[in-house]
Amino acid sequence: MTDATVTQLRNRPRPDIEREPEDISRIGEISRPIGLWEGIFAITAVRRALVLVGLGIAWEVYARWVGNPLMFPSLSDTLSAWWADMSSGRLPGAAASSLRVLLIGYGTAIALSAVMTTLAVSTRVGTDLLATLTAMFNPLPAIAILPLALLWFGLGTSSIVFVIVHSVLWAVSLNTFTGFLSVSQTQRMAGRNYGLGGLRLVIFILIPAAFPSILAGLKIGWAFAWRTLIAAELVFGVSGNAAGLGWYIFEARNALETATVFAGLLTVILIGLAVEGIVFRSIEAATIRKWGMQNH
Amino acid sequence: MLATEKMPGVAVRAGVQTLLQVDGVTLQYKTRDRLVTATYRVSFDVKEQDRFILLGPSGCGKSTLLKCVAGFLSPTEGTMTLDGRVIDRPGPDRMMVFQEFDQLMPWLTVLDNVMFAMRRSGRFPKNEIRDRARRATVKVGLERFQDVYPHMLSGGMKQRVAIARALAMEPRILLMDEPFAALDALTRRRMQEELLELWDDVRFTLMFVTHSIEEAIILGSRILVLTPHPGQVRAELDATAYSHEHQGDAEFMAFNRKINGMLFGMQETAHD
Ligand SMILES: Nc1ncnc2c1ncn2[C@@H]1O[C@H](COP(=O)(O)OP(=O)(O)O)[C@@H](O)[C@H]1O
Ligand SMILES: [Mg+2]
């Protein structure tokens, strides 16, 4: 074939094709539920639980192999110590006492942070104040100001609340303020179009629009508060009349009841997981995931 | 023939009240290192029930003008009055529909989005709000989606919600900033037709920004042609005679070419 005929063939118009689409009802399945096993493994909780079981087995096997309950008690020892103190009411009491202090500190910090970030979005002075304060205090570990807190507030709940507020406030404020700043100009203008301004703009537009960031800040703040609390309790133990989880761990260590120390740590982890997995997850599901502001 | 079609319209319009008066408005942006003039001494009047189009190339200051009418900016020179009162702040008597789909509140359902504006502005009796919002969503064909969150809607549907939300407020003037520019061609055309039907039904006053000559001719009753940056008035044209049905007609094409010539000098390519 010569080049000329090839070109000629290429340039020949190709015939049109038209088709009648088939009746959809005759095609059969268009969508179908996924298989049972695939469905089960798609559940995050199931996969995580499997990881947990694996870790538990590894712990038990290693502890038995080491065979030194004073240094490294096995999972079963830990669980029986945990169960004993749970049923005697000692652990629940310690946990409740810790949680009470925690909630006071966490709540106070959130209230303060709400005031500070609202000021920061509505006034230039507020912005500068917040930026400077967070830059200064965010890097300062909460435990480092505990001596000062003891000096000011004495040996008691208020000192712990003070350090918790310090550990939560800056993280939550920083996240909330960043969230406010990233709310789209269009959404702000839409809000102002309805005559919203000042505090009403913050409440009705900025807070819901920045909710993903705010929630992230609340989560980080919670983790900070929890760690700070346990650490503070470990340092000076009894807070007022009730002893918390940190004190419980400290006492058990002094008595060389290592399994009980582990039981205390386990409780700290369990409460942390419960708050993360139940409280924050349900808030997420009821808000940002329902609103399509988070995609998984 | 064109003239005879337009004459009655002109006669009727002559008696209509002026709603918005823009008089020698210069708009500037102050940035860190420069002063940008977006529009220079723009004047025009919008009458009741006008479908008033701001047409011009990208960057000529159309959005800036509209934002000024909405009250988000104030002019450095000249005045803008609505019903004789100087515009100095945003308000629900001038409702804005933006180009961006994120103008809806993602945390509210379609119906709540429509009700939100009505509640917050406090312009309507509490017991009427739900009914009014329902009627507005029905008008834009979204009765089946009232309880759905915005992220589950297509772009066209989101814009319909924004239009319903704005119209439910019964504003003196509806401001639209390229609301259909981010939609596909088919949806855009349907939305244009729906907007005209809605206008036939409600007879609101509309101010509509676009950079598409075709869209301007189809939607507008009056077209303000702006020059490239900084925007100045090049012409104010009557476009009552043209709609979708006339799109292929010789007059439509001629009108299109005329505007095209105004916008781009001698270039004679009449496309979107
Ligand atoms: N926030 C801003 N700051 C500084 N300059 C701006 C700002 N917004 C727009 N401009 C400038 O003003 C001019 C007009 O912009 P705009 O009104 O958005 O144009 P259009 O809507 O006609 O495309 C452009 O030159 C643009 O660069
Ligand atoms: Mg624009």
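Okay, let's start with a pair in chain B: Asp83(B) and Arg172(B) meet through their side chains in a salt bridge, 2.7 Å from N to O. Asp83(B) sits in the loop between strand 4 (77-82) and strand 5 (85-86), and Arg172(B) in the loop between helix 5 (155-168) and strand 7, so the pair ties together parts of chain B that are 89 residues apart in sequence. How exposed are they? Asp83(B) is partly exposed, at 31% relative accessible area, and Arg172(B) counts as partly exposed too, at 30%. Keep in mind, by the way, that this is a predicted model.

Another one in chain B joins Arg222(B) to Asp238(B), with the closest N and O atoms 3.4 Å apart. That pair links distant parts of the chain, with Arg222(B) in strand 9 (residues 222-226) and Asp238(B) in strand 10 (residues 233-238), 16 residues apart. Here Arg222(B) is partly exposed at 24%, while Asp238(B) is buried at 14%.

Over in chain A, Arg64(A) and Glu60(A) make a salt bridge at 2.5 Å, N to O. Both are in helix 4 (residues 44-66) of chain A, four residues apart, about one turn of the helix. Arg64(A) is exposed at 61%, but Glu60(A) is buried, because its relative accessible area is 14% and the cut-off for buried is under 20%. Chain A also has a network of salt bridges linking Lys219(A), Glu276(A), Glu284(A) and Arg289(A).

Now, the domains of chain B. The assignment gives domain 1 (17-93 + 173-265) and domain 2 (106-170). Their centres, taken over C-alpha atoms, are 25 Å apart. The contact takes 15 residues from domain 1 of chain B and twelve from domain 2 of chain B. Between them the two domains bury about 1,000 Å², 74% of it on carbon and sulfur atoms. Which residues of domain 1 lose the most area to domain 2 of chain B? Those are Pro92(B), Met191(B) and Leu198(B), together 42% of what the domain 1 side buries.

On the polar side, the count between these domains is one salt bridge and three residue pairs in polar contact, both residues at pLDDT 80 or more. On the side of domain 1 that touches domain 2 of chain B, strand 7 (173-177) and helix 6 (185-202) of chain B give two or more residues each. Helix 6 of chain B gives the most, with seven residues.

Next, the interface between the chains. 19 residues of chain A are in contact with 23 residues of chain B, and the two chains bury about 2,000 Å² between them, 65% of it on carbon and sulfur atoms.

Last stop, the inside. The largest nonpolar core has 153 residues, and among the members touching the most others are Leu20(B), Phe44(B) and Met207(B). Leaving aside neighbours within four places in sequence, Met207(B) is in contact with residues including Leu20(B), Phe44(B), Phe52(B) and Ile173(B).

Methods:
Residues numbered from 1 in each chain as written. Chains lettered and ligands numbered in written order. Predicted model: local features only at pLDDT ≥ 70, side-chain atom pairs only at ≥ 80, totals over all residues. Heavy atoms only, no water. Core = buried A, V, L, I, M, F, W, Y, C linked by side-chain atoms within 4.5 Å. Buried < 20%, exposed > 50% of the residue type's maximum accessible area, 1.4 Å probe, protein only. Contact = heavy atoms within 4.5 Å. Domains from an automatic or database assignment. Buried area = accessible area lost by both parts, 1.4 Å probe. Salt bridge = Lys/Arg side-chain N within 4 Å of Asp/Glu carboxyl O. Polar contact = N/O pair within 3.5 Å; in protein donor to acceptor, adjacent residues only side chain to side chain.
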